[in-house]
Structures are given as C-alpha cells and as structure tokens.
Amino acid sequence: MTDSNADTVAAVRALARASRILERVSGGLNPAQYRVLSTIASGDERASRIAARLALGKPTISATVDSLCQRGLLTRTGEDTDQRVAVLRLTDAGRELLDGVETEMVNRIADLRARTPGGEQLVPSLVWLGRAIDDLHEERLAERRRINR
C-alpha cells in the first residue's frame with residue numbers, strides 16, 4: 001500500500017470514528033433519525049425529497065418518519081394541492097432536541113479541532129466535503145433521470 005493510500009485509509013477510519021463520537025451525543029436519535037431531522041431543519045419538507053437527498057429508500061424514510069412522529073418530534077401533513085405528498089415539519093420538541101444535539105456535536109468538533117494540527121482548516125474542509133457530497137448526489141440524480149427518460 002502506498003503512503004497516499006495508507007493516508008486515505010487512515011482518513012476513512014478517522015471519519016468513521018468521528019461519526020461514532022457524534023452518534024454518542026445524539027440525544028437518543030439513531031443516525032437515520034438525526035439525518036432526517038437535520039434535513040427537514042435545513043428546509044426540505046417532502047419525504048420523497050428527503051429520501052432522495054439522503055439516498056435512503058422510501059420504506060426506510062417512512063419507518064424513520066413514523067418513529068419521529070410517534071416521539072412527537074415531527075408532524076406529517078398532506079400538501080394542500082396534493083394530499084399524496086407528505087409535508088414534514090419539526091415540532092417544538094423536535095427543534096429543541098435537534099438544537100441540543102447539534103450544540104453537543106459542535107462542542108465535540110471544537111474539541112477535536114483544538115487537538116488537530118492546523119485545526120482551523122478542519123471545519124472549512126468538512127464544509128467542502130459536504131458540498132462535494134451534495135454535488136456528487138446531484139450528478140447521480142441527473143444521470144438516473146437521463147437514463148429513465
């Protein structure tokens with residue numbers, strides 16, 4: 001294995017471990033529940049869009065949404081123009097839980113950043129990584145649409 005590959009494997013392992021650190025402060029949310037709540041908080045309100053954005057199947061989204069609704073963290077309503085479309089919104093309890101969880105996650109990232117040489121680049125690099133993931137997702141969606149025409 002080349003040094004470059006070894007570094008990439010080390011980076012993958014670090015991301016997996018960092019993910020676990022963040023999961024530990026998730027306030028009882030599993031990773032899918034956190035991703036759904038944070039996606040809704042970011043402005044996506046339709047279950048179908050959330051499923052596509054998170055690359056999760058509709059059954060997984062449905063089960064996760066059902067669980068979050070039962071916990072009182074989400075509401076699900078039909079759209080005025082099309083009752084088949086589920087519109088999802090955070091409840092006050094959902095917003096409060098998400099805010100608390102994300103505050104703890106920010107604290108963990110700040111601690112890791114303080115322990116990292118050149119740590120001031122950690123957050124911008126993660127933001128760039130998120131944008132790259134979004135770009136890749138959009139490209140794959142566009143390709144699927146092109147193929148399905």
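Does Asp 99 count as buried, partly exposed or exposed, and at what relative accessibility? Asp 99 counts as partly exposed, at 37% relative accessibility. Buried means under 20% relative accessible area, exposed means over 50%, and partly exposed lies in between (1.4 Å probe, protein chains only).

This is a predicted model, in which local features need pLDDT of at least 70, side-chain atom pairs count only at pLDDT 80 or more, and totals for chains, interfaces and linings use all residues. Residues are numbered from 1 along each chain as its sequence is written, and side-chain values use heavy atoms, with hydrogens and water left out.

**View 1. The whole chain has 6 helices and 2 strands.** Helices (H or I, at least four residues) and strands (E, at least two) are DSSP runs, numbered from the N terminus. Along the sequence the pattern reads α-α-α-α-β-β-α-α. The C-alpha trace spans about 55 × 40 × 20 Å along its principal axes. Of the 149 residues, 23% count as buried.

**View 2. The largest pocket has a volume of about 1,800 Å³.** Closest to its centre, of the 42 lining residues, are Leu 22, Tyr 34, Arg 35, Gly 130 and Ile 133. A pocket is an open set of points on a 1 Å grid over the protein atoms alone, where a 1.4 Å probe fits, with protein on both sides within 12 Å along at least five of seven lines; lining residues have an atom within 4 Å of a point. The volume is the space filled by probe spheres set on the points, which are joined across faces, edges and corners.

**View 3. Helix 6 supplies the largest share of the pocket lining, 12 residues.** Helices 1, 2, 3 and 5 are among those that each supply at least two. By class, the lining has 25 nonpolar, 9 polar and 8 charged residues. Here Ala, Val, Leu, Ile, Met, Phe, Trp, Tyr, Cys and Pro count as nonpolar, Asp, Glu, Lys and Arg as charged, and the others, Gly among them, as polar.

**View 4. Asp 99 forms a salt bridge with Arg 95.** A salt bridge is a side-chain nitrogen of Lys or Arg within 4 Å of a carboxyl oxygen of Asp or Glu. The closest N and O atoms are 3.9 Å apart. Both residues lie in helix 5, 4 residues apart, about one turn. Arg 95 is partly exposed, at 35%.

**View 5. Arg 146 forms a salt bridge with Glu 143.** Their closest N and O atoms are 2.5 Å apart. Arg 146 and Glu 143 are separated by about one helical turn, because they stand 3 residues apart in helix 6.
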